[in-house]
Amino acid sequence: MKAARSRAAATRKDSKEAKQPAENKIVGKRKVASRADKIDQKRSKNVTSAKKDPNKPKRPATAFFVFLEEFRTIYKQEHPKVKAVSAVGKAGGEKWKSMSNEEKAPYKAKAAKRKLEYEKLMADYNKKQETTDDEEEADSESSKSQANDKDDEESEKDEEDEDEDDD
């Protein structure tokens, strides 16, 4: 008798879950979780992000990536048959972790130098952006005033024509 009750309770529970939206269902079920993830991915693809400016300077590499640039060439010379990027990354990460702070110092110095250059470039870029924004605002204001001047001239001509017609 108890077994029958538990089966009935289980089927009621399943039917309740079936009626719920995918986001609210129990995550333990793989199909439901994967469907919800796919829906979320589709939604995120449809949302358009702000367009990136191609003239904006790229962020500088960190000390690890400066090290990895040099490590890649060495690793490829020592292991010419290994083509996987992941293998190079893993080996580089292990090497970086095993290095002391003294060994990392030149890479940190190079990264700091690149960061200073980046900050200078960004300051110049931001100044250019401010000036172009100011010019665009001035252009839009001048074009509005020019359009208003033309409208005023046309309305004056219309008024003069009406005055001549009345005489």
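A pocket here is an open set of points on a 1 Å grid over the protein atoms alone, where a 1.4 Å probe fits, with protein on both sides within 12 Å along at least five of seven lines; lining residues have an atom within 4 Å of a point. Please keep in mind that this is a predicted model, in which local features need pLDDT of at least 70 and side-chain atom pairs count only at pLDDT 80 or more, while totals for chains, interfaces and linings use all residues. Residues are numbered from 1 along each chain as its sequence is written, and side-chain values use heavy atoms, with hydrogens and water left out.

**Overall fold**

- Read from the N terminus on, the elements run α-α-α-α-α.
- Of the 167 residues in the protein chain, 14% are buried; buried means under 20% relative accessible area, exposed over 50%, and partly exposed in between, with a 1.4 Å probe and protein chains only.
- Among contacts between residues at least 6 apart in sequence, 60% join residues at least 24 apart, a contact being heavy atoms within 4.5 Å.

**The second largest pocket**

- The volume of the second largest pocket is about 150 Å³; a volume is the space filled by probe spheres set on the grid points, which are joined across faces, edges and corners.
- Helix H5 gives the most to this lining, with 4 residues.
- By class, the lining of the second largest pocket divides into 6 nonpolar, 1 polar and 2 charged residues. In this scheme Ala, Val, Leu, Ile, Met, Phe, Trp, Tyr, Cys and Pro count as nonpolar, Asp, Glu, Lys and Arg as charged, and the others, Gly among them, as polar.
- The C-alpha atoms of Ala-112 and Thr-62 are separated by 8.3 Å, although the two residues are 50 apart along the chain.

**The largest pocket**

- The largest pocket has a volume of about 180 Å³.
- Its lining is made up of Lys-52, Asp-53, Pro-54, Lys-56, Pro-57, Lys-58, Arg-59 and Tyr-118.
- That lining holds 3 nonpolar, no polar and 5 charged residues.

- Tyr-118 sits in helix H5 and counts as buried, at 17% relative accessibility.
- Leaving aside neighbours within four places in sequence, Tyr-118 is in contact with Pro-57, Lys-58, Arg-59 and Pro-60.
- Tyr-118 and Arg-59 are 59 residues apart in sequence and 6.7 Å apart in space, C-alpha to C-alpha.
- Met-122, in helix H5, is buried with a relative accessible area of 14%.
- Beyond its neighbours within four places in sequence, Met-122 is in contact with Lys-56 and Pro-57.
- For Met-122 and Arg-59, 63 residues apart along the chain, the C-alpha separation is 9.4 Å.

**Salt bridges**

- The structure holds 2 salt bridges, each defined as a side-chain nitrogen of Lys or Arg within 4 Å of a carboxyl oxygen of Asp or Glu.
- Side chains of opposite charge can pair when their charged atoms come close.
- Glu-69 forms a salt bridge with Arg-114, with the closest N and O atoms 3.2 Å apart. This pair links distant parts of the chain, as Glu-69 is in helix H3 (residues 63-78) and Arg-114 in helix H5 (residues 101-166), 45 residues apart.
- Both partners are partly exposed: Glu-69 has 38% relative accessibility and Arg-114 has 31%.
- Glu-70 forms a salt bridge with Lys-110, where the closest N and O atoms are 2.7 Å apart. Because Glu-70 lies in helix H3 and Lys-110 in helix H5, the pair ties together parts that are 40 residues apart in sequence.
- Glu-70 is partly exposed at 32%, and Lys-110 is partly exposed at 39%.

**Helix H4**

- The 14 residues of helix H4 (residues 85-98) should span 20 Å at 1.5 Å a residue, and the end C-alpha atoms are 20 Å apart, which agrees. The expected span is 1.5 Å times one less than the number of residues.
- Val-88, Ala-91, Gly-92, Gly-93 and Trp-96 are buried in H4.

Note on methods:
Helix = DSSP H or I, 4+ residues; strand = E, 2+ residues; numbered from the N terminus.
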